[in-house]
Structures are given as structure tokens and as C-alpha cells.
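Subject: Structure handover and notes

Hello,

Here is the structure I said I would pass on. Please open it alongside these notes.

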Amino acid sequence: MSVSNSINHQFVQATEQVIGGLRLVQISYPLDYNFLPDKVPELARYLFLNRNCNSENFTEWWVYQPFWGKFTLQYANDPIFAWLQTQEEQVRHQFGYKGFLTASAFVKNGELICWGIQDVSKHILTVPKDPHWWVQLQTLFTLTADQVEAIKTELAKHLPGSGLDVREVLKRFLSIPSGTAYELNPGSHEDNHSEALALYQFFGVTNEAEFDQALVDPRNQDKLNLLQGSTCYLHGHWWSCADCGRKMAKVGVKSIVFNQQWVLNYIHTQQPISAGIQI
Ligand SMILES: [Zn+2]
């Protein structure tokens, strides 16, 4: 199946699975596609978890993936997810964090190659004091000075104690599509996504420029051989972003397996699976 929008971007159905009475459909779109759902209304039905239709047997949920379908995608239960979830819960507990937190493990032939979890200390968990941050917000959303003041008041009321980062709380007042405005919260930046972090740590680098250099260093050939054809087990989200997809493609990752239990829980509760768990 494929659909296209008015500017002729092709969106291809990458995979489809029926799990627990739900039909989960993954849609991929091109890497160069600038994801602005409000500007592409005909795609609204293909975005995250929109209930598409009910039939006798199925509720359909559509999940889009922001890359061009080069990976094999799957939802599954696997023992490694229980382990990743334990790591995630410990970090949540440490920071009192309730937002999305991902943990990834790269595996080949049953062997764990490397793993990583988002660094929560990079999240902005209190009302920003830096004037540059506010200018950035005003510019991003074309806000008037009065609107900025109103948001300041709302953030002061809702952010402390919410257990969420500033970008998550802003979503209550501003339309921030998934996968955008990461610059408002460094913890959400692509370099802090668990897929990227796991790979960066494996190669001993901290950003994509260093990562690219490491990949052409002959001393890293063994590491590259390990990752070639590996599988990324992704706990804590229903998608992997274009930036992570690009980095995983560079090292030859073959497939991405999403935590089936996590995704089904999210569909039913709209909450990350372990957000409310107290240790
Ligand atoms: Zn990512």
C-alpha cells in the first residue's frame, strides 16, 4: 500500500501486525520529509495511533515511522525488554520523571552488543530562567509578548512537580507535534535519544560528527562488524526518529523491535508504561 500527499511524497506501509486484538500498522515516510502534520491534513489519518476504523474483529491503530522503511519493524515481547524497563524505572525513580524515557539495546545472534538509556539530567525540569530560551520559544511559535508572559505563568503553575520536562508541559498550551521542537529541551535532543546514546557510548563519542569519524577509523572495524545486521530493541516509545534511523543505518542495523507490551499499554492508557511505578 502507498499513499501520497499533494506535493507527491510517497508514504509506504512498511509493516502490519495484529496483536492483542489490535491491528498495528507502521507507515514510513522519506527521510527528507519535513514532518509538519498540520500542513499536510490529508496525512492526519496516518499519524500516531489515530483510531482509523473499527471492524468486527479489530481496532486499527496507525503508527508512522519517520524514515524510509529501510529497517524491518516489529512489535514483540522479549526478555530483554523487562531488563531495559528495570533500568528505565530506576532512572525515573531517581529523577521523579514521568515523561517518555527510552532505553535501547543492540543485539545480534542473541548477544548484547551495547545499550543505552536517555540521560534525564539533560531535561529542563523547572521554569527556564535563560532569556535566550524564551526568545527561542517566542520565535518558534510566533508568540506576542503577552502570550509569552501567559506561558511563563502557566509553566510556573504546572511544570514544578509535574514529573515532566518543559517541552512535555508546553504541549498543553502550544501545538507541538511529536518529533519537533526538540531544541526547547536538551534532554529531548537527538544526541540524547537512547538509540544514538547507545551507539555513541559504544564508540566513545558524544555527537554525530565524532561518530562519523569513528566509523571510518580502522580500529573500530570489529565494533562495526558486530553491529552489522544487528537488531535494535527499543523500549519506551512507539517510534524511532529520522535522526536515530540515520545513525543506525550508518552501522548497518537491520531491524527495530518495539516493546509490544509498552505500545499496547500506551494505546490504552496514553501513559508510558512505567511512568507511575514507584520503586
Ligand atoms: Zn531518535
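This is a predicted model: local features need pLDDT of at least 70, side-chain atom pairs count only at pLDDT 80 or more; totals for chains, interfaces and linings use all residues.

Residues are numbered from 1 along each chain as its sequence is written.

**Sheet**

Helices (H or I, at least four residues) and strands (E, at least two) are DSSP runs, numbered from the N terminus. Five strands make an open sheet with mixed pairing, in the order β6-β10-β9-β7-β8; two strands pair if DSSP finds at least two bridges between them. β6 (72-76) and β8 are at the edges with a single partner strand each, so one side of each has no neighbour in the sheet. From one strand to the next the twist averages 20 degrees; axes here are lines fitted to C-alpha atoms, for helices over the stretch in contact, and angles run from 0 to 180 degrees between N-to-C directions. β7 and β9 run antiparallel and are joined by five bridges. V107 has T231 in β9 as its bridge partner.

**Core**

A nonpolar core is a set of buried Ala, Val, Leu, Ile, Met, Phe, Trp, Tyr and Cys residues joined through C-beta atoms within 7 Å. Buried means that 20 or more other C-beta atoms lie within 10 Å of the residue's own, exposed means 12 or fewer, and partly exposed is in between, with C-beta atoms placed from the backbone. The largest nonpolar core has 38 residues, of which F106, L199, C232, Y233, V253, I256 and F258 touch the most other members. Helix α5 (residues 194-203) supplies the largest share of this core, six residues. A second, separate core has seven residues, among them L137, L164, V169 and L170.

Contact between two residues means that their C-beta atoms, placed from the backbone, lie within 7 Å. Apart from neighbours within four places in sequence, C232 is in contact with S104, F106, E195, M248, V253 and I256.

**Helices α5 and α8**

α5 is largely enclosed by the rest of the structure, because eight of its 10 residues are buried. Those are S194, E195, A196, L197, A198, L199, Y200 and F202. Their cover includes β7 (103-108), β8 (111-117), α6 (208-215), α7 (221-227), β9 (231-235) and α8 (242-250). α5 lies across β7, β8 and β9, and runs at about 120 degrees to β8. After α5 comes G204, with a positive phi near 70 degrees.

In α8, the buried residues are A242, D243, C244, G245, K247 and M248, and what covers them includes α5, α6 and β9. G252 follows α8 and has a positive phi, near 80 degrees.

The axes of α5 and α8 come within 9 Å and cross at roughly 35 degrees. E195, A196 and L199 of α5 make the contact with C244, K247 and M248 of α8.

G187 sits in the loop between α4 (166-170) and α5. G187 counts as buried because it has 22 C-beta neighbours inside 10 Å. Not counting residues up to four places away in sequence, G187 touches Q118, D119, V120, K122, H123, D165 and N192. G187 and Q118 are 69 residues apart along the chain, and their C-alpha atoms are separated by 7.5 Å.

Regards
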